[in-house]
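Subject: Structure handover

Hello,

Here is the structure for you to look through. Open it first, then read my notes below.

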Amino acid sequence: VDAQLGRYFGTERGVLVLSSAPAFGGLQAGDVIQRIEGQAVATPRDAMAALRAHSPGTDVDVTFLRDRKSSTTRMRVPEVPVLRTPVAPPAPPA
């Protein structure tokens, strides 16, 4: 959240939730995540690092703002998809 958005949401820092899913512990688009397991998060990178510090499938506490009010929910740390890169580039078309 930058300074202009921060004035709107009532905070100077946090990570804006752009979309939600049932696995996100009730977080909704427009919520601002401020802490994950007590660790302050200010950027999406911070949030991902805080989640990756826990095993996939573990439930973690997430503190967030909604309508300028602080709340806490539990969400499950998602599985990290494995990216597989080819060993060799594919052959050019004939």
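The largest pocket holds about 350 Å³ of space. Bear in mind that this is a predicted model. The lining of the largest pocket has 15 residues, and Phe24, Ile33, Ala47, Met48 and Leu51 are the closest to its centre. The largest share, four residues, comes from α2. What classes do the lining residues of the largest pocket fall into? They are 14 nonpolar and one polar, with no charged residues.

Now the second largest pocket. Its space is about 150 Å³. It is lined by 11 residues, and Phe9, Gly30, Arg66, Asp67 and Arg68 lie nearest its centre. Here α1 (3-9) and β4 are the elements that give two or more residues. By class, this lining has five nonpolar, two polar and four charged residues.

Look for Val60, whose bridge partner in β5 is Met75. β4 and β5 form a hairpin, with two residues between them. Asp67 sits in the turn and has a positive phi of about 55 degrees. Asp67 also turns up among the residues nearest the centre of the second largest pocket.

Best wishes

Conventions: Residues are numbered from 1 along each chain as its sequence is written. This is a predicted model: local features need pLDDT of at least 70, side-chain atom pairs count only at pLDDT 80 or more; totals for chains, interfaces and linings use all residues. Side-chain values use heavy atoms; hydrogens and water are left out. Two strands pair if DSSP finds at least two bridges between them. On a 1 Å grid over the protein atoms alone, a cavity is a set of points where a 1.4 Å probe fits but cannot get out, and a pocket is an open set with protein on both sides within 12 Å along at least five of seven lines; lining residues have an atom within 4 Å of a point. Grid points are joined across faces, edges and corners, and a volume is the space filled by probe spheres set on the points. Ala, Val, Leu, Ile, Met, Phe, Trp, Tyr, Cys and Pro count as nonpolar, Asp, Glu, Lys and Arg as charged, and the others, Gly among them, as polar.
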